[in-house]
Amino acid sequence: MTMWLILFGSLFLLGGASLFFLIYSLGRLPFMEVLTNGSKIMTWLISAAIVIIPTGLIWMSYTVTNAIIVLLHFTFFWGLAEILRVLAMKFDLATISRSAAALVGVLVTVVYLGVGWYQAHHVAQTEYTVTTDKKVGNLRVAFFGDSHLGSTFDTDGLAEHLKTIEKAKPDLLVIAGDFVDERTTKAEMIKAAQALGDVNTPYGVYYVFGNHDKALYQPGIRDFSGDDLVAELEKNGVIVLQDESILLDDRFYLVGRQDASQEFDFGGSRASIADLMAPLDHSKYTIVLDHQPRDYAAEAKAGADLVLSGHTHGGQMIPLMQIIQWFGIGQNDRLYGIEKRDNTNFIVTSGISDWAIQFKTGTKSEYVIVDVKEQ
């Protein structure tokens, strides 16, 4: 938690520095001198208005985090363009005006963040194939996590994504947590649960809690509880697993874990994977749903065959993903993709949506299709 506070504190400080840099750099462009007749006060006022007003609109329309993200990218690409301009002139490679460099920096930022916006709001299908020598036959599992309902799509958008997932003809659909979050309304939650109830798969739909689903980070601001969520899901035929396992068709197990935040953030507890796996028939294939990918060693030791997780959003953005990896923020065993340890396959999805940030660079929004094939 301390590392996250340092990270967000640094983000705000950098945002303030970026705001100053953009106002200062804008004021140095030749057209500003013409516009203000050389008045330094007017130059600062007009430059500040040009930068602050759009920033404020982004803040009000989305969040302060997204406003800072935009500021930082404009600062980086504008600053980089200016550095390259100075170097090109110093070594007599080209004569480039300050205005031209600024324009290139702005255009690159718009294109880069435009791609990031598309990758966050466009949902792709990602496919994996894993093999096993256990007698499970061929099994197709669809899963997604981190819809944070209301972030990049509403309940109608969720329904459309579910129809697309259904076209892949999965044997079951599993939801790896953070289906809703602190800002989701009860009306949205009810409609979303109904959309899940319309999904038709041979083995049904299954859900485990994530760290945001119970709104424990901001208690009292939401008009429904975690228990209300469970009630609506179960009313619509979704099976909620909270440190529980279920044997499906005498063919494979599905084990759903309570989220690690119950233990690490909120002073509660959850069952160990060893205790959950102990009573199971280990000759049968076992799929574990665990929102946070932070217990790989224990899950591999316990004999899980496939572990499905979300939570990380694939690292979200460059360089955030690199910072998370370098400093071990969140204590995740993996940020994204597939990994095999001993006989256990682990898959982490980047999520079907976002939480606070409306851009994804270096990753994408997705749902996942996993084909389990018997060797």
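Analyst: Helices (H or I, at least four residues) and strands (E, at least two) are DSSP runs, numbered from the N terminus. The model is predicted, so local features need pLDDT of at least 70 and side-chain atom pairs count only at pLDDT 80 or more, while totals for chains, interfaces and linings use all residues. Residues are numbered from 1 along each chain as its sequence is written, and side-chain values use heavy atoms, with hydrogens and water left out.

Asp371 is found in strand β12, which covers residues 365–374. With a relative accessibility of 12%, Asp371 counts as buried (under 20% relative accessible area; exposed is over 50%, and partly exposed is in between, with a 1.4 Å probe and protein chains only). Leaving out residues up to four places away in sequence, Asp371 touches Tyr128, Thr129, Val130, Leu139 and Arg140; contact means heavy atoms within 4.5 Å.

Strand β12 belongs to an open sheet of 6 strands, in the order β1-β12-β2-β3-β4-β5, with mixed pairing. The edge strands, β1 (123–132) and β5 (239–240), each pair on one side only. Two strands pair if DSSP finds at least two bridges between them. Strands β3 (residues 172–175) and β4 (residues 205–207) pair in the parallel sense over 3 bridges. Here Val174 of the pair stands opposite Tyr206 in β4.

Next comes a helix on the sheet. Helix α6 lies across β1, β2 (139–144), β3 and β12, and runs at about 165 degrees to β2. Axes are lines fitted to C-alpha atoms, for helices over the stretch in contact, and angles run from 0 to 180 degrees between N-to-C directions.

Helix α6 (residues 155–167) also packs with helix α7 (residues 186–197), at an angle of about 15 degrees and with their axes 9 Å apart. The two helices are therefore roughly parallel to each other (angles under 35 degrees; over 145 is roughly antiparallel, 65 to 115 roughly perpendicular and the rest oblique). From α6, Thr155, Asp156, Leu158, Ala159 and Leu162 make the contact, and from α7, Glu188, Lys191, Ala192, Ala195 and Leu196. By class, this contact of α6 with α7 has 6 nonpolar, 1 polar and 3 charged residues. Ala, Val, Leu, Ile, Met, Phe, Trp, Tyr, Cys and Pro count as nonpolar, Asp, Glu, Lys and Arg as charged, and the others, Gly among them, as polar.
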